[in-house]
Amino acid sequence: MSLFALGEASAKADPNLIGEDEKHFAAIAESLDRSIGELAERLETVRRAPAGKGRQAVDRDDEVRRLTSRLELLRRYGVDLCLGRMVGDDGGEPVYIGRRGLTDDTGRRLLLDWRSPAAEPFFGATHANPMGLVFRRRYRWSGGRITDYWDEVFDAGGFAGHAAALDDQSAFIASLGGVRTDRMRDVLGTIQADQDAIIRAGSRGALVVDGGPGTGKTVVALHRTAYLLYSDPRLGNRRGGVLFVGPHEPYLAYVSDVLPSLGEDDVQTCTVRDLVPEGAGALPEADAVVAALKAEARMVGAVEAAVRFYEEPPGPTTLDECVVTAADWAAAFDAVEPGTPHNEAREQIWAELTAILAEKHDLTERELDRHRDLRAALNRAWPMLSAPDLIGDLWAVPAYLRRCAPWLEAGQVSALQRAAAQAWTVADLPLLDAARQRLGDAGAAERNRRRDADVAAGRERMDRVVDDLIASSVHDDGEGLMKMLVQQDLRENLADGLVVPDSDGPELLTGPYAHIVVDEAQELTDAEWQMLLQRCPSRSFTIVGDRAQARHGFTESWQERLERIGLDRVSLASLTINYRTPREIMEEAAPVIRAVLPDANVPMSIRSSGLPVVHGNVLDLEEILRTHGEGLACVIGDPAFAGTDRVRSLTPSLAKGLEFDLVVLIDPDEFGEGIEGAVDRYVAMTRATRQLVVLSSANSSANT
């Protein structure tokens, strides 16, 4: 059966146009069957093999995960791994582009991975810059068959024979109006040149992707993530991996299938709330003044002073058998290695303190280890602290807050105090995170002791095995094996391999990461940025956002904002074409945002839906939804409306980053005043890909 489902009447079904593709697809199908069989066999072999211990077990699990991911991708797509083909001006054979590379059993390349440098012209070529191409064809797949394709010819001599399939972008533009679902559409095959250039940019420093609604910012962010993992070996999971940060949970659900569809299953995704345990239950900060104070980066810096308060050496301490002088305490406290978290430093202090006292009082360190009064004195002098207690005290004890944040005025200190000190708000999360990072893990010392014991036991076992081998000449292979086994370095390496790396302890999202991608980044406060900077020592970021969609205003430039929060290598790329939102909608949405932000980056829409924006009464809502055809709808602004599978009910802020065929706004004038209200209306209006309906309740009572 042909993979082309174009309809017999379609001129594009001409065998002269698709015959070459049919033959190539047959070769792809054959190679896929072979690859799937080989991968399945290899995966089964790895699973059946002994798991081993320590690093061997970790490596085996990594291999199982890698093979499983590859196998799932091949089984998921089949021949529709192929995105299209291109022909260069060198007269060579057509090159077919795929989600992954693929070769036949002779080594002939059947698919070139879309992330390969050689595949760049497929996405980046334009008539102004053909990038060495004379021809490009893109496929539209549905249910494993090609329902349409369109050709582009970049050389005047190549038009012959392609008239039926030539496209002036109308087919691509028409595809943008396709029906939406609750998952982001697969758009890899239609990535445009302006988007691809940003996707393939290098990973060093911070790259800002600035673009208005519908420009494909999220598409760029997700595909750039997959591209960087392929192209930059510094970003592999063994070296930190990539973290993808989105604005809210509905957004993460919406994009959840994109990276797996690109073969990337190991990218961690989260919201800022997810970075700390308290985030799940945190409420919005009701007081705007308090929220603004906590949003400052220097408030996060106050956490350092809050911890330092508990790290000051005490005065002389008299115990039964010895006196610990102030100098002894100071010397022990100074022995803490730089960068050691507070709760993990006490064992270092104890080791130094017992060494000092053993020498002064002619006691053994072992005797001092059993000295309960001394241990109790250290526990009082350097207490274990928890992040909730530390931050809660700032909001409950004015004197403590004044000491830690001396720049605060008396009225500001008073405003920050609250009766329920640990009734966490979203504005508290950066401080809780900073405290947790600074305090560290109270259980680290015990786990380190267990690990050291495991290492010692492993070395002892390995020493016995090695000694037995050395004693037996039967195992001497004549190549110096016995001589190698005598070496202490080899013994230690063999023993270390028996210990499983520590997987307990701090939360999974603490990092560090080699690269962080942030979508809707215009909403982050300076304090929230500190949460991300702490997790990315390399300062390698992809920052995606739109200043015009910042609910609390964004009057400065991206460079100014990012330099202030600690990023000094910043480059900017702009997206200015709106592929999603019809012109009819943008003509009404643009004045809404420009009324409060005259310099807003409002992108130019390239398509029309032919459907005007409808204005009506809220009493019309039921009828509008009843007559809505296929696709996904969203009602924004009516908390009482209960959503269904086909009709979502969201607030303007939770609609950010999403898209729907039909959007119905309920009383948008009630969304708020000033910048926040205008941004909410602008964001809500531009979620629609086909039709926008605006309903008002102003006259509803008169009509009932």
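Pro-512 lies in the loop between helix H21 (488-496) and strand E12 (515-518), where helices (H or I, at least four residues) and strands (E, at least two) are DSSP runs numbered from the N terminus. A cis peptide bond, with omega of about 5 degrees, joins Gly-511 to this proline, Pro-512. The structure is a predicted model, in which local features need pLDDT of at least 70 and side-chain atom pairs count only at pLDDT 80 or more, whereas totals for chains, interfaces and linings use all residues. Residues are numbered from 1 along each chain as its sequence is written, and side-chain values use heavy atoms, with hydrogens and water left out.

Strand E12 belongs to an open sheet of 6 strands, which has the order E9-E8-E12-E13-E7-E14 and parallel pairing. The edges of the sheet are formed by E9 and strand E14 (570-575), each of which pairs on one side only; two strands are taken to pair if DSSP finds at least two bridges between them. Neighbouring strands of this sheet are turned by 15 degrees against each other on average, direction ignored, with axes being lines fitted to C-alpha atoms (for helices over the stretch in contact) and angles running from 0 to 180 degrees between N-to-C directions. Within the sheet, E12 and E13 pair in the parallel sense over 3 bridges, and Val-517 has Thr-542 of E13 as its bridge partner.

A positive phi occurs at Arg-539, which is not a glycine and has a value of about 60 degrees. Arg-539 is placed in the loop between helix H22 (526-535) and strand E13 (541-545), and Arg-539 is partly exposed, with a relative accessible area of 30%; here buried means under 20% relative accessible area, exposed over 50%, and partly exposed in between (1.4 Å probe, protein chains only). Met-131, likewise a residue other than glycine, has a positive phi near 55 degrees. The loop that holds Met-131 runs between helix H3 (120-124) and strand E5 (133-142), and Met-131 counts as partly exposed at 30% relative accessibility.

The UniProt record, in an unreviewed entry, places the feature "binding site" at Gly-211, Gly-212, Pro-213, Gly-214, Thr-215, Gly-216, Lys-217 and Thr-218; UniProt positions are given in the numbering used here, feature names are shortened, and annotations may be inferred rather than shown by experiment. Among these residues, Gly-214 is situated in the loop between strand E7 (206-211) and helix H6 (217-231) and is buried, with a relative accessible area of 9%. Leaving aside neighbours within four places in sequence, Gly-214 is in contact (heavy atoms within 4.5 Å) with Ile-577, Asn-578, Tyr-579 and Arg-580. Thr-215 is also found in the loop between E7 and H6, and counts as buried at 0% relative accessibility. Not counting residues up to four places away in sequence, Thr-215 touches Gln-195, Leu-575, Thr-576, Ile-577, Asn-578, Tyr-579 and Pro-603.

Glu-264 is found in the loop between helix H8 (258-261) and strand E9 (268-270), and counts as buried at 15% relative accessibility. A polar contact of 2.9 Å joins the side chains of Glu-264 and Arg-115; such a contact is a pair of N or O atoms within 3.5 Å, of which, within protein, one must be able to donate a hydrogen and the other to accept it, and residues adjacent in sequence count only if both atoms are side-chain atoms.
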